[in-house]
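Here is a friendly briefing to read with the model open in your viewer. Please take a look at the sequence and structure first, and then we can walk through them together.

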Amino acid sequence: MQDVKSLTDAGDFGSFGRYEEVALAQMAPAMKEAYEFTTHLRGIVPGPHKIWLANAALSRAIVPVGAYYQKQSTLTKAEIEIVTVLTNARWHSAYGTYEHEKIAEKLGHVPAETTERLIAGLPAEFSDGRQQVVYELVSALVQPRIVPVGLYKRAKKALGDAGIVEVAVLIGWFTMVCMTLNAYDVPANATGLDQ
């Protein structure tokens with residue numbers, strides 16, 4: 001009878017989930033340029049950005065969207081994290097959910113118990129009216145459900161059309177993040193290469 005351990009192949013996993021990162025000194029010029037571009041916009045090359053370097057041209061096209069939410073968004077950090085946590089949880093992204101559970105509390109100042117409720121799919125309430133609207137809008141969109149007229153009107157009043165667009169695009173952005181992380185089976189505790 002074959003040992004279960006012998007059925008698994010450690011070669012199925014790289015340095016970041018299934019992805020085998022390329023050391024900075026070994027990167028092809030286009031990949032290194034994408035790495036430097038990401039570092040310039042983000043300060044670091046976090047999570048899925050490590051994987052996106054494998055397609056340097058695509059990486060350079062999508063990194064500015066994430067950087068926009070870091071520096072220019074009309075959404076507060078708490079609102080961004082509400083969107084992010086709900087989207088990560090929706091797509092069962094172990095790495096993304098784990099990372100943003102911590103970020104939501106530390107940088108977004110979302111109470112830990114509230115973030116836990118978002119991840120677990122339990123009802124949550126926010127004392128801040130905008131945060132409540134963001135939570136309700138994202139909850140409807142990631143389920144997926146239709147956004148009722150009343151919720152749309154509350155969202156438009158609280159966020160304006162620009163804010164609604166930002167929420168919708170951020171859901172799409174983090175869906176892309178989750179699909180990347182899930183395709184490469186990136187676990188919650190992944191660290192990757194120290195570049």
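Which backbone oxygen does the side chain of Thr-180 reach? That of Met-176, at 3.0 Å, which falls under the heading of a polar contact (a pair of N or O atoms within 3.5 Å; within protein, one must be able to donate a hydrogen and the other to accept it, and residues adjacent in sequence count only if both atoms are side-chain atoms).

Some ground rules before going further. This is a predicted model, in which local features need pLDDT of at least 70 and side-chain atom pairs count only at pLDDT 80 or more, while totals for chains, interfaces and linings use all residues. Residues are numbered from 1 along each chain as its sequence is written, and side-chain values use heavy atoms, with hydrogens and water left out.

**Overall layout**

- The protein has nine helices and zero strands; both are DSSP runs numbered from the N terminus, helices being H or I with at least four residues and strands E with at least two.
- Read from the N terminus, the order of elements is α-α-α-α-α-α-α-α-α.
- Taken along the principal axes, the C-alpha atoms fill a box of roughly 55 × 50 × 30 Å.
- Of the 195 residues in the protein, 42% are buried (buried means under 20% relative accessible area, exposed over 50%, partly exposed in between, with a 1.4 Å probe and protein chains only).
- The accessible surface comes to about 10800 Å², and carbon and sulfur atoms hold 57% of that; areas come from the Shrake-Rupley method with a 1.4 Å probe, and for residues only the protein chains shown count as cover.
- Among contacts (heavy atoms within 4.5 Å) with a separation of 6 or more, 65% are between residues 24 or more positions apart.

**The largest nonpolar core**

- In soluble globular proteins, nonpolar side chains tend to be buried together.
- Here the largest nonpolar core has 44 residues; such a core is a set of buried Ala, Val, Leu, Ile, Met, Phe, Trp, Tyr and Cys residues joined through side-chain atoms within 4.5 Å.
- The elements that give two or more residues to this core are helices H2 (29-42), H3 (47-52), H4 (56-71), H5 (77-90), H6 (94-106), H8 (129-142) and H9.
- Helix H9 gives the most to this core, with 10 residues.
- Leu-118, Val-138, Val-167 and Leu-170 have the most contacts inside the core.
- Leaving out residues up to four places away in sequence, Leu-118 touches Ile-82, Val-85, Leu-86, Ala-89, Ala-124, Phe-126 and Tyr-135.

**Aromatic rings and charges**

- The whole structure holds five aromatic pairs; rings of Phe, Tyr and Trp (its six-membered ring) pair if their centres lie within 6.5 Å, with planes under 30 degrees apart counted as stacked, over 60 as edge-to-face and the rest as tilted.
- Trp-52 and Trp-173 form an edge-to-face pair, because their ring centres are 5.3 Å apart and their planes stand at 70 degrees.
- This pair links distant parts of the chain, with Trp-52 in helix H3 and Trp-173 in helix H9, 121 residues apart.
- Both Trp-52 and Trp-173 are buried.
- Tyr-68 and Tyr-69 are also edge-to-face, with ring centres 5.3 Å apart and planes at 90 degrees.
- Tyr-68 is partly exposed at 27% relative accessible area, whereas Tyr-69 is buried at 8%.
- The charged end of Arg-60 sits over the ring of Phe-37, 4.4 Å from its centre; this label requires NZ of Lys or CZ of Arg within 6 Å of the ring centre and within 35 degrees of the ring normal.
- Arg-90 lies over the face of Trp-91, 4.2 Å from the ring centre.

**Residues worth a click**

- Thr-180 lies in helix H9 (residues 149-183) and counts as buried, at 13% relative accessibility.
- Beyond its neighbours within four places in sequence, Thr-180 is in contact with Pro-48, Ile-51 and Trp-52.
- Thr-97, in helix H6, counts as buried at 13% relative accessibility.
- Not counting residues up to four places away in sequence, Thr-97 touches Asn-88, Ala-89 and Ile-119.
- Tyr-95 is found in helix H6 and is buried at 10% relative accessible area.
- With residues up to four places away set aside, Tyr-95 touches Phe-16, Gly-47, Leu-181, Val-186, Pro-187, Ala-188 and Ala-190.
- Ala-30 belongs to helix H2 and is partly exposed, at 45% relative accessible area.
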